[in-house]
Amino acid sequence: MSVKPINGSLLVAPPGMVDSRFSRTSLLVTHHNQTSSWALCINRMTPHNLESLAKEININSNNLRFPLFWGGPVQKGSVWMLHTPEWENEHTMYVNDQWRVTSNESMFHCLSDGDAPQWFRICYGLCQWGPGQLDMELNGQPPFSKNSAWLVANNTTPEQLFNQDPNELWEYSVKAAGRQSVDAWLA
(Lines give C-alpha, C1' and ligand atoms only; values in the text may rest on other atoms or scores of the structure.)
Protein backbone atom coordinates (compact mmCIF):
# COMPACT_ATOMS: atom_id res chain seq x y z
CA MET A 1 0.00 0.00 0.00
CA SER A 2 1.48 3.35 -0.99
CA VAL A 3 1.02 6.68 0.75
CA LYS A 4 -1.49 8.87 -1.14
CA PRO A 5 -1.04 12.64 -1.39
CA ILE A 6 -3.34 15.07 0.38
CA ASN A 7 -3.18 18.84 0.75
CA GLY A 8 0.04 19.51 2.66
CA SER A 9 1.82 16.34 1.49
CA LEU A 10 5.37 16.35 0.26
CA LEU A 11 6.01 15.01 -3.21
CA VAL A 12 9.60 13.87 -3.36
CA ALA A 13 11.44 13.26 -6.61
CA PRO A 14 12.85 9.73 -6.64
CA PRO A 15 16.57 9.31 -7.33
CA GLY A 16 15.74 8.13 -10.87
CA MET A 17 13.51 11.10 -11.77
CA VAL A 18 13.52 11.30 -15.57
CA ASP A 19 12.38 14.96 -15.84
CA SER A 20 15.56 16.95 -15.07
CA ARG A 21 13.51 19.99 -13.98
CA PHE A 22 12.43 17.99 -10.95
CA SER A 23 15.66 16.18 -10.12
CA ARG A 24 16.21 16.19 -6.34
CA THR A 25 13.14 18.32 -5.61
CA SER A 26 10.71 18.41 -2.70
CA LEU A 27 7.27 19.78 -3.53
CA LEU A 28 4.55 20.72 -1.06
CA VAL A 29 1.05 19.95 -2.35
CA THR A 30 -1.16 23.01 -1.95
CA HIS A 31 -4.23 21.60 -3.74
CA HIS A 32 -5.14 18.04 -4.73
CA ASN A 33 -8.48 16.71 -5.94
CA GLN A 34 -10.00 14.87 -8.91
CA THR A 35 -9.80 17.86 -11.27
CA SER A 36 -6.33 19.28 -10.59
CA SER A 37 -3.30 19.33 -8.33
CA TRP A 38 -0.89 22.14 -7.49
CA ALA A 39 2.36 22.15 -5.56
CA LEU A 40 5.29 24.43 -4.80
CA CYS A 41 8.90 23.34 -4.96
CA ILE A 42 10.37 24.30 -1.58
CA ASN A 43 14.02 23.31 -1.86
CA ARG A 44 15.32 24.95 -5.03
CA MET A 45 16.66 28.37 -4.06
CA THR A 46 17.39 30.86 -6.85
CA PRO A 47 20.18 33.45 -6.84
CA HIS A 48 17.48 36.14 -6.51
CA ASN A 49 15.66 37.58 -3.52
CA LEU A 50 12.30 39.20 -3.00
CA GLU A 51 13.89 42.64 -2.87
CA SER A 52 14.97 42.48 -6.52
CA LEU A 53 11.53 41.27 -7.57
CA ALA A 54 9.77 44.04 -5.59
CA LYS A 55 11.90 46.68 -7.29
CA GLU A 56 10.88 45.32 -10.70
CA ILE A 57 7.20 45.84 -9.88
CA ASN A 58 7.71 49.20 -8.11
CA ILE A 59 7.01 48.08 -4.54
CA ASN A 60 8.93 49.42 -1.55
CA SER A 61 11.68 46.84 -1.17
CA ASN A 62 12.75 47.66 2.41
CA ASN A 63 13.36 44.53 4.48
CA LEU A 64 12.67 42.15 1.58
CA ARG A 65 15.95 40.28 1.41
CA PHE A 66 14.16 36.94 1.65
CA PRO A 67 15.40 34.24 -0.73
CA LEU A 68 13.29 33.50 -3.77
CA PHE A 69 12.65 29.84 -4.57
CA TRP A 70 11.76 28.24 -7.90
CA GLY A 71 8.22 27.04 -7.27
CA GLY A 72 7.80 25.22 -10.56
CA PRO A 73 7.63 25.57 -14.33
CA VAL A 74 4.00 26.77 -14.61
CA GLN A 75 2.81 30.38 -14.23
CA LYS A 76 6.40 31.64 -14.11
CA GLY A 77 5.23 35.23 -13.53
CA SER A 78 3.32 34.34 -10.36
CA VAL A 79 4.70 34.77 -6.83
CA TRP A 80 3.47 32.60 -3.97
CA MET A 81 4.14 32.67 -0.25
CA LEU A 82 3.78 29.25 1.37
CA HIS A 83 3.41 29.89 5.09
CA THR A 84 2.11 28.88 8.50
CA PRO A 85 -1.48 29.74 9.50
CA GLU A 86 -0.87 32.40 12.15
CA TRP A 87 -0.46 34.95 9.36
CA GLU A 88 -3.04 35.56 6.65
CA ASN A 89 -5.08 38.19 4.86
CA GLU A 90 -8.15 38.27 2.63
CA HIS A 91 -6.12 36.76 -0.25
CA THR A 92 -4.83 33.76 1.69
CA MET A 93 -5.84 30.25 0.61
CA TYR A 94 -6.28 27.38 3.05
CA VAL A 95 -4.17 24.28 2.40
CA ASN A 96 -4.62 22.40 5.69
CA ASP A 97 -4.28 23.10 9.43
CA GLN A 98 -0.52 23.69 9.10
CA TRP A 99 -0.20 25.50 5.77
CA ARG A 100 -1.56 28.51 3.89
CA VAL A 101 -0.70 30.07 0.52
CA THR A 102 -0.91 33.75 -0.33
CA SER A 103 -0.35 35.30 -3.74
CA ASN A 104 -1.14 38.99 -3.74
CA GLU A 105 0.78 42.27 -3.79
CA SER A 106 -0.36 42.88 -0.19
CA MET A 107 2.10 40.23 1.06
CA PHE A 108 5.02 42.34 -0.23
CA HIS A 109 3.80 45.32 1.79
CA CYS A 110 3.29 43.24 4.94
CA LEU A 111 6.73 41.65 4.70
CA SER A 112 8.31 45.06 4.04
CA ASP A 113 6.69 46.33 7.25
CA GLY A 114 8.07 43.37 9.23
CA ASP A 115 4.71 41.58 9.39
CA ALA A 116 5.67 38.00 8.48
CA PRO A 117 4.61 34.47 9.36
CA GLN A 118 6.89 32.41 11.58
CA TRP A 119 7.70 29.95 8.76
CA PHE A 120 7.46 30.77 5.06
CA ARG A 121 8.96 30.44 1.60
CA ILE A 122 8.53 32.81 -1.33
CA CYS A 123 8.28 30.98 -4.65
CA TYR A 124 7.87 32.07 -8.23
CA GLY A 125 5.96 29.72 -10.50
CA LEU A 126 4.28 26.52 -9.41
CA CYS A 127 3.75 22.89 -10.36
CA GLN A 128 0.39 21.90 -11.78
CA TRP A 129 -1.26 18.67 -12.95
CA GLY A 130 -4.48 18.15 -14.89
CA PRO A 131 -7.27 15.69 -14.03
CA GLY A 132 -5.78 12.36 -12.95
CA GLN A 133 -2.26 13.25 -14.09
CA LEU A 134 -0.63 13.26 -10.65
CA ASP A 135 -2.23 9.91 -9.78
CA MET A 136 -0.91 8.48 -13.06
CA GLU A 137 2.60 9.75 -12.24
CA LEU A 138 2.40 8.34 -8.70
CA ASN A 139 1.37 4.93 -10.02
CA GLY A 140 3.86 4.93 -12.89
CA GLN A 141 1.07 4.53 -15.46
CA PRO A 142 2.01 5.21 -19.09
CA PRO A 143 3.23 7.53 -20.40
CA PHE A 144 4.94 7.78 -16.98
CA SER A 145 7.22 5.15 -15.48
CA LYS A 146 7.55 3.60 -12.03
CA ASN A 147 11.21 4.71 -12.07
CA SER A 148 10.10 8.32 -11.92
CA ALA A 149 7.01 7.99 -9.70
CA TRP A 150 6.93 10.58 -6.93
CA LEU A 151 7.50 9.51 -3.33
CA VAL A 152 4.94 10.88 -0.87
CA ALA A 153 5.32 12.02 2.74
CA ASN A 154 2.29 13.17 4.72
CA ASN A 155 2.17 14.94 8.08
CA THR A 156 5.46 16.81 7.85
CA THR A 157 5.38 20.05 9.81
CA PRO A 158 6.68 23.49 8.85
CA GLU A 159 9.30 23.19 11.59
CA GLN A 160 10.54 19.86 10.25
CA LEU A 161 10.83 21.20 6.70
CA PHE A 162 12.06 24.73 7.27
CA ASN A 163 14.61 23.81 9.90
CA GLN A 164 16.42 21.93 7.12
CA ASP A 165 18.99 23.61 4.93
CA PRO A 166 17.27 23.85 1.50
CA ASN A 167 20.25 22.01 0.00
CA GLU A 168 19.62 19.09 2.36
CA LEU A 169 15.81 19.10 2.26
CA TRP A 170 15.57 16.55 -0.56
CA GLU A 171 17.57 13.96 1.43
CA TYR A 172 15.42 14.64 4.51
CA SER A 173 12.26 14.29 2.38
CA VAL A 174 13.39 10.97 0.87
CA LYS A 175 13.91 9.57 4.37
CA ALA A 176 10.52 10.86 5.59
CA ALA A 177 8.74 9.36 2.56
CA GLY A 178 10.59 6.07 3.03
CA ARG A 179 9.61 5.81 6.70
CA GLN A 180 5.96 6.55 5.90
CA SER A 181 5.88 4.04 3.02
CA VAL A 182 7.26 1.29 5.25
CA ASP A 183 4.82 2.20 8.05
CA ALA A 184 1.89 2.08 5.54
CA TRP A 185 3.10 -1.26 4.21
CA LEU A 186 3.37 -2.73 7.73
CA ALA A 187 -0.06 -1.46 8.82
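How many bridges join strand β6 to β9, and in which sense do the two run? Some notes on that and a few other spots follow; keep in mind that this is a predicted model.

1. **β6 and β9.** Six bridges join β6 (residues 74-83) to β9, and the two strands run antiparallel. If you want a place to look, find V79: its bridge partner in β9 is Y124.

2. **The other partners of β9.** Strand β3 (residues 37-41) also pairs with β9 in the antiparallel sense, over three bridges. Here S37 has W129 of β9 as its bridge partner. Strand β5 (residues 67-70) pairs with β9 over three bridges too, but in the parallel sense. On that side, L68 stands opposite I122 of β9.

3. **How covered is β9?** Mostly: of the 10 residues in β9 (residues 120-129), eight are buried. As background, side chains in a regular strand alternate between the two faces of the sheet.

4. **Helix α2.** This helix (residues 105-112) is mostly covered as well, with six of its eight residues buried. The buried ones are S106, M107, F108, C110, L111 and S112. Their cover includes α1 (50-56), β6, β8 (100-102) and β9, so β9 turns up here again as part of what covers α2.

5. **The two ends of α2.** At the start of the helix, a side-chain oxygen of N104 comes to within 2.9 Å of the backbone nitrogen of S106. Just after the helix, G114 takes a positive phi of about 85 degrees.

6. **S173 in α5.** S173 belongs to helix α5 (residues 169-186). With 0% relative accessibility, S173 counts as buried, because the cut-off for that label is under 20%. The S173 side chain reaches the backbone oxygen of L169 at 2.8 Å. Leaving out residues up to four places away in sequence, S173 touches L10, V12 and S26.

7. Together with V182 and L186, W185 makes a nonpolar surface patch of about 380 Å².

8. **R24 with E171.** The count of salt bridges comes to four. One of them joins the side chains of R24 and E171, at 2.3 Å from N to O. R24 sits in the loop between β1 (10-12) and β2 (26-32) and E171 in helix α5, so the pair ties together parts that are 147 residues apart in sequence. R24 is partly exposed, with a relative accessible area of 42%, and E171 also counts as partly exposed, at 30%.

9. **R65 with E51.** The side chains of R65 and E51 meet in another salt bridge, at 3.4 Å from N to O. Because R65 lies in the loop between α1 and β5 while E51 is in helix α1, this pair ties together parts 14 residues apart in sequence. R65 counts as exposed at 63% relative accessibility, whereas E51 counts as buried at 15%.

10. **E88 with R100.** E88 forms a salt bridge with R100, and their closest N and O atoms are 3.2 Å apart. E88 is in the loop between β6 and β7 (92-94) and R100 in strand β8, 12 residues apart. E88 counts as partly exposed at 48% relative accessibility, while R100 is buried, with a relative accessible area of 12%.

Terms used:
Residues are numbered from 1 along each chain as its sequence is written. This is a predicted model: local features need pLDDT of at least 70, side-chain atom pairs count only at pLDDT 80 or more; totals for chains, interfaces and linings use all residues. Side-chain values use heavy atoms; hydrogens and water are left out. Helices (H or I, at least four residues) and strands (E, at least two) are DSSP runs, numbered from the N terminus. Buried means under 20% relative accessible area, exposed over 50%, partly exposed in between (1.4 Å probe, protein chains only). A polar contact is a pair of N or O atoms within 3.5 Å; within protein, one must be able to donate a hydrogen and the other to accept it, and residues adjacent in sequence count only if both atoms are side-chain atoms. Contact means heavy atoms within 4.5 Å. Two strands pair if DSSP finds at least two bridges between them. Patches are made of residues with over 30% relative accessible area and no salt bridge: like charges are joined within 9 Å, nonpolar side chains (Val, Leu, Ile, Met, Phe, Trp, Tyr) within 5 Å. Accessible areas come from the Shrake-Rupley method with a 1.4 Å probe; for residues, only the protein chains shown count as cover.
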